[in-house]
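This report goes through one protein model, part by part. Keep the sequence and the structure in view while reading.

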Amino acid sequence: MVNRSFAQHRIPSTSRFLLRKSSRFALTLCLIFIFASSIFVFLFCTRNILEDEQKPLFSKPEKFQSKSELKSVDHLWNAPSSYGFHPCVKPTSRYEAAQTSDHYITVRSNGGLNQMRAGISDMVAVAHILNGTLVIPQLDKRSFWHDTSAFSDIFDENHFIKTLQNDVKIVKELPKELEFIPHARKHFTSWSGFGYYEEIRRLWKDYQVIHVAKSDSRLANNDLPLDIQRLRCRAMYEALHFAPPIENFGKTLVERLRLRGGRYIALHLRYEKDMLSFTGCTYGLTRLEAEELKIMREKTPHWKIKNINSTEQRIEGLCPLTPKEVGIFLQALGYLPSTLIYIAAGEIYGGDTRLSELSSRFPNIVTKETLATEEELKPFTNHASQSAALDYIISIESDVFIPTYSGNMARAVEGHRRYLGHRKTITPERKGLVELFDKLEKGQLTEGSSLSDHVLRMHKNRQGGPRRRRGPQAGIKGRARFRTEESFYENPYPECICKSKQ
């Protein structure tokens, strides 16, 4: 029964062959489909991997990827083009090297740190013209700062002597045998030319020692022989290095600033009590504060002008910018609130209360006191010139230098930064800014793009780029014209800055 049943259900041989053939065909199609699908999946995944490799591991937000925005940020920090200009202070072929001399020049420098630096550099050139041996100058210990520092406390004395050995003979002290002989005591005329000092040479017939009572502004800014101008630059920028303890600590503070934010602005905020009193600027102060400054001015003998109209001073752009005005100015230029700002100045009049008018807009503000410990700053206590030297180093090394008033330090730092390759220095056009600030106060202008456009246009060519030194103001005659000239050390072009021939 079983066999019969099986026989009835047996499949013919032809049918078995067809079934086997169709199964092989289906299997082949299935394998082809699987293989094709695998290739498609592989290509798709490879494409995604390649796309991922092209993306940065930590991509920045899209808003920072815009080329125009990146360019705008760079514009705030990048130095202006130097157009191939570079320092050139080597003597010409006509230069006469230093000669041995038994005539001596002693100097009493006057003023603050940078006033003394300029005066000492001038005296180096004067000693060369007079063919006299320069005794290391005595520094000012009697002025407003009452700093007891000697030359070697602030400057690298040995470097100064060695660097200038081919220009002028320099000794540390006047020979003992010459201390008590009659000296010619001279107040050299301010802004004097080469011919004036050639006449001074006649004093050597009667005296072996000439004592110079004041050193500042004793040489003209212009119309001096090229080699004399270049000697002034060698003295100022190559010879007058700060003493190693100051130089090293200054560099340490710069490194700490770099660690805090990378790039920083050195803001020379001239809002100290003596500066406001001297200029007679009382805008934004209380009546008591204004009276205090007036009394200080009246009690300072060497400040000749006593009665000053504060309003007129400000309108003419002769006042330092206030902390509040600086904040508005920096914001209008485009700097972000997170910008790191180093305050290169003494004690701000009004203290933290007045400084808050700036820090409310730019809270990332630092000073020597916040960068260094009390123990580190102890050697500089009661030594204003040494402390100012630290500010000078930090200002020279900054990405951007902004002075709020054109004093001695502002001029010295600007000139040095030009000499080093036209590092970015923004000099506020104070007279124009006051007009804008007054419009803001009256509601005729609002902060934002409109103010920013005005400020940027006003300072387009005030970034520290190469230009010739400005001469005297038109219409001013006589010796008064010298006061209106741009200082030689503020802009030593063209004598000490040359353009490459390439």
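## The link of Cys 233 and Cys 496

The link of Cys 233 and Cys 496 is right-handed, with 95 degrees about the S-S bond. Cys 233 lies in helix H8, residues 226–239, and Cys 496 lies in the loop between helix H21 (480–483) and E11, so the pair ties together parts that are 263 residues apart in sequence. The two residues form a disulfide, and their sulfur atoms are 2.1 Å apart. The model is a predicted one, and the values in this report are to be read with that in mind.

Are these two cysteines buried or exposed? Cys 233 has a relative accessibility of 0%, so Cys 233 counts as buried. Cys 496 also has 0% relative accessibility and therefore counts as buried. The cut-off behind this reasoning is that buried means under 20% relative accessible area.

## The other disulfides

A disulfide is a covalent bond between the sulfur atoms of two cysteines. How many disulfides does the structure hold? There are three.

Another of them joins Cys 88 to Cys 498, with a distance of 1.8 Å from S to S. The link of Cys 88 and Cys 498 is right-handed, with 80 degrees about the S-S bond. This pair links distant parts of the chain, 410 residues apart: Cys 88 is in the loop between strand E1 (85–87) and strand E2 (104–107), and Cys 498 is in strand E11, residues 497–499. Cys 88 has a relative accessible area of 11% and is therefore buried.

A disulfide is also formed by Cys 281 and Cys 319, whose sulfur atoms are 2.0 Å apart. The torsion about the S-S bond of Cys 281 and Cys 319 is about -90 degrees, so this disulfide is left-handed. Cys 281 lies in the loop between helix H10 (273–279) and helix H11 (287–299), while Cys 319 lies in the loop between helix H12 (310–315) and helix H13 (323–333), so the pair ties together parts that are 38 residues apart in sequence. Both Cys 281 and Cys 319 are buried.

When the bonded cysteines of the protein are numbered in sequence order, the pairing reads 1-6, 2-5, 3-4.

## The protein as a whole

The protein has 21 helices and 11 strands. Of its 502 residues, 45% are buried.

Contacts can also be sorted by separation along the sequence. Among the contacts in the protein with a separation of 6 or more, 79% are between residues 24 or more positions apart.

## Helix H17 and its partners

Helix H17 covers residues 384–397 and packs against helix H18, residues 408–419, at an angle of about 40 degrees, with the two axes 10 Å apart. H17 and H18 are therefore oblique to each other. The crossing of H17 past H18 is right-handed. On the H17 side the contact is made by Asp 391, Tyr 392, Ser 395, Ile 396 and Glu 397, and on the H18 side by Met 409, Ala 412, Val 413, His 416 and Arg 417. By type, the residues of this contact of H17 with H18 are five nonpolar, two polar and three charged.

Helix H9, residues 244–261, also meets H17: their axes come within 9 Å and cross at roughly 45 degrees. That angle makes H9 oblique to H17. H9 passes H17 in a right-handed crossing. The residues that H9 brings to the contact include Ile 246, Phe 249, Leu 253, Val 254 and Leu 257, and those from H17 include Ala 389, Leu 390, Ile 393, Ile 394 and Glu 397. The contact of H9 with H17 is made up of nine nonpolar, two polar and four charged residues.

## Two loop residues

Gly 421 lies in the loop between H18 and helix H19, residues 430–442. The relative accessible area of Gly 421 is 30%, so Gly 421 is partly exposed. Gly 421 and Tyr 83 are 338 residues apart in sequence, and their C-alpha atoms are 9.8 Å apart in space.

Asn 222 is in the loop between strand E6 (209–212) and H8. Asn 222 and Trp 191 are 31 residues apart in sequence and 9.0 Å apart in space, C-alpha to C-alpha. Which residues does Asn 222 touch, not counting residues up to four places away in sequence? They are Gln 229, Arg 469 and Glu 485.

Methods:
Residues numbered from 1 in each chain as written. Predicted model: local features only at pLDDT ≥ 70, side-chain atom pairs only at ≥ 80, totals over all residues. Heavy atoms only, no water. Axes fitted to C-alpha atoms, helices over the stretch in contact; angles between N-to-C directions. Helix = DSSP H or I, 4+ residues; strand = E, 2+ residues; numbered from the N terminus. Parallel < 35°, antiparallel > 145°, perpendicular 65-115°, else oblique. Left-handed = near helix turned anticlockwise from the far one by under 90°. Contact = heavy atoms within 4.5 Å. Nonpolar A, V, L, I, M, F, W, Y, C, P; charged D, E, K, R; others polar. Disulfide = S-S within 2.5 Å. Buried < 20%, exposed > 50% of the residue type's maximum accessible area, 1.4 Å probe, protein only.
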